[in-house]
Amino acid sequence: MPEPRTLLRWTALLAVSAALAYGLSRAHFPAALLLGPMLAAIVFGVRGAGLALPRPLFLAAQAVIGCLVARSATTEIAATLREDGLIILAVVGVTVLAGALTGLALTRLRVLPGTTAAWGSSPGGAAAMVAMAEDYGADPRLVAFMQYVRVAAVVLSASLAARLLADVSGAAASGETWSWAGLAATFAVAVAGFGLAALLRLPSAPLIGPMLLGALLHATGLLDIALPGAVLDAAYAAVGWYVGLRFNRRTLDETLHALPGVLTATAGIILLCGVWAWALTHWLPIDFLTAFLATSPGGLDSVAIIAVGSRADVSFVLAVQTLRLFVVLAIGPILAKWIARAVPGETPEKTP
C-alpha cells in the first residue's frame, strides 16, 4: 500500500495533468492528454517528487498505442514501404546519420564519453536505446537523460507544428461505438502481440508486437479493434508521465554540465529533420506536417499519438518511424564503437 504522502503527490500530479491537458485541448493541441501529463510530470520530477510510473503500466500503455496504430494504419504501412521504399530509406539514413554526427560532436567536445553519446543521440525508441546502452557499458542515466530530453523536445515541437499546420479541432473525438467483447478481443491481441514480439526479441516489443499483429487481424477483417476513449486517454497519460518523471532532480544535477550541449544537439537534430521534411514535400505528395512527423527523431509511441491526433498520413509516418527503429537497433552497436574509436583518447566501453 503506497504511503499517504505518495498518494497525495500522485493526486496532485493527476490534478495538474488534467488541468494542463484540458487547457491544451481547448487550445486545439493534438495529443493534449500526452503533452499535459508529460509537462506536469517534468515539473514534479525535477522538484523532487520522487514518483515513478510502474513499468507494467507503461508497457500496457504502449500495447494500447500499438493497437491504436494498427487500427489506423493496417496494411497501408507495407504498401507505403513498397511504393516509396527508396525515399523512405533515404529519410531514415539522413536521420540516423544526423544522430551519429551529433554523438561524434558531443564526444569530440568532451561533453560525454563516446559510447554514451552515441546511444544517447540515436534516433530510435528511447526505452530500447537505454536498455541496449546499458548492455554495451554506457552510462544508462546519461543515455536516458539525452533520450528523454529529445523525446520531450520532439513532442513539444511536433505538437506545436501540428497545432499551427493542421486543423485538429475535431481530431481528438473518440465517440466511436465499441463493445465489451471487442474490447476484450483487443486486449487479448495486445497481450498476444507483446508476448510473440518478446519471444522473437523484436525491439520495443510492447508497441511493435500489438501493432503488427493487430494490423494483420484488422486488415483481414478478423478483428474489429475496440478502444474506448477512456482507455486511450489513460494510455496517453501513462506515456506522458513515464517520459516526464524520468527528469528527476538527481539526474538533472548529475548532467547539468552536459545540458547545454544536449539541448543544442537536440535542437540541431530537430532543425535538420525539419529542413529534410521540407525537401520531402517537393518529392512526394505529402504535406509538411506528415513529413515532419515522419522525420522527427523519436519516440515512436509519442509520434504515433500525435500523428493520429493531427490527422496526418499515419501510414507514411509509421512506415518511416518503424523502419528507422529497426535500422538503429541493427547498426547502433557499430555506430557506438565507431564514435568511441574516432576520438583520440576514447576507449570503447565493453560489449556484451
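**View 1. Arg-201 in the loop between helices H9 and H10.** Arg-201 is exposed, at 76% relative accessibility. This is a predicted model. Arg-201 sits in the loop that joins helix H9 (180–199) to helix H10 (205–219). Its phi is positive, about 60°, although Arg-201 is not a glycine. Most residues other than glycine have a negative phi.

**View 2. Helix H10 and the glycine that follows.** H10 has 15 residues, and its end C-alpha atoms are 20 Å apart. The span should be 21 Å at 1.5 Å a residue, so the two values agree. Buried residues of H10 include Ala-205, Pro-206, Leu-207 and Ile-208. Gly-209, Pro-210 and Met-211 are also buried. Further along H10, Gly-214 and Ala-215 are buried as well. Just after the helix comes Gly-221, with a positive phi of about 80°.

**View 3. Helix H2 and the glycine that follows.** H2 covers residues 32–46, which makes 15 residues. From first C-alpha to last, H2 reaches 21 Å, close to the 21 Å expected at 1.5 Å a residue. Among the buried residues of H2 are Ala-32, Leu-34, Leu-35, Gly-36 and Pro-37. Met-38, Ala-40, Ala-41, Phe-44 and Gly-45 are buried too. UniProt, in an unreviewed entry, lists residues 31–50 as a transmembrane region. In the model this span is 75% helix and 0% strand. The end C-alpha atoms of residues 31–50 lie 26 Å apart.

**View 4. Leu-183 in helix H9.** Leu-183 belongs to helix H9. Its relative accessible area is 6%, under the 20% limit, so Leu-183 counts as buried. Leaving aside neighbours within four places in sequence, Leu-183 is in contact with Trp-178, Ala-226 and Pro-228. Val-231 is 48 residues away from Leu-183 along the chain. The C-alpha atoms of this pair are separated by 9.8 Å. The unreviewed UniProt entry lists residues 178–200 and 212–238 among its transmembrane regions.

**View 5. Thr-266 in helix H13.** Helix H13 runs over residues 259–283 and holds Thr-266. Thr-266 is buried, with a relative accessible area of 6%. Not counting residues up to four places away in sequence, Thr-266 touches Val-149, Arg-150 and Ala-153. UniProt lists residues 258–281 as a transmembrane region in the unreviewed entry. That span is 96% helix and 0% strand in the model. The end C-alpha atoms of residues 258–281 are 35 Å apart.

**View 6. Cys-273, also in helix H13.** Cys-273 is found in H13. Cys-273 is buried, at 3% relative accessibility. Its contacts are Thr-95, Thr-295 and Pro-297, not counting residues up to four places away in sequence. Ala-294 is 21 residues from Cys-273 along the chain. The C-alpha atoms of Cys-273 and Ala-294 are separated by 9.1 Å.

**View 7. Thr-290 in helix H14.** Thr-290 is placed in helix H14, residues 288–295. With 0% relative accessibility, Thr-290 counts as buried. Thr-290 touches Ala-312, Asp-313, Phe-316 and Val-317, not counting residues up to four places away in sequence. The transmembrane regions in the unreviewed UniProt entry include 288–308 and 314–336.

**View 8. A leucine patch on the surface.** Leu-160, Leu-164 and Leu-165 form a nonpolar surface patch. Together they have about 320 Å² of accessible area. Leu-160 lies in helix H8, residues 140–165. Its relative accessible area is 43%, which means that Leu-160 is partly exposed. Residues 148–166 are one of the transmembrane regions listed by UniProt in the unreviewed entry.

**View 9. The whole chain, for context.** The protein chain has 16 helices and zero strands. Of its 352 residues, 53% count as buried. The chain exposes about 15,500 Å². Carbon and sulfur atoms supply 67% of that area. Among contacts with a separation of 6 or more, 77% are between residues 24 or more positions apart.

Notes: Residues are numbered from 1 along each chain as its sequence is written. This is a predicted model: local features need pLDDT of at least 70, side-chain atom pairs count only at pLDDT 80 or more; totals for chains, interfaces and linings use all residues. Side-chain values use heavy atoms; hydrogens and water are left out. Patches are made of residues with over 30% relative accessible area and no salt bridge: like charges are joined within 9 Å, nonpolar side chains (Val, Leu, Ile, Met, Phe, Trp, Tyr) within 5 Å. Accessible areas come from the Shrake-Rupley method with a 1.4 Å probe; for residues, only the protein chains shown count as cover. A salt bridge is a side-chain nitrogen of Lys or Arg within 4 Å of a carboxyl oxygen of Asp or Glu. Helices (H or I, at least four residues) and strands (E, at least two) are DSSP runs, numbered from the N terminus. Buried means under 20% relative accessible area, exposed over 50%, partly exposed in between (1.4 Å probe, protein chains only). Contact means heavy atoms within 4.5 Å. The expected span of a helix is 1.5 Å times one less than its number of residues. UniProt positions are given in the numbering used here, feature names are shortened, and annotations may be inferred rather than shown by experiment.
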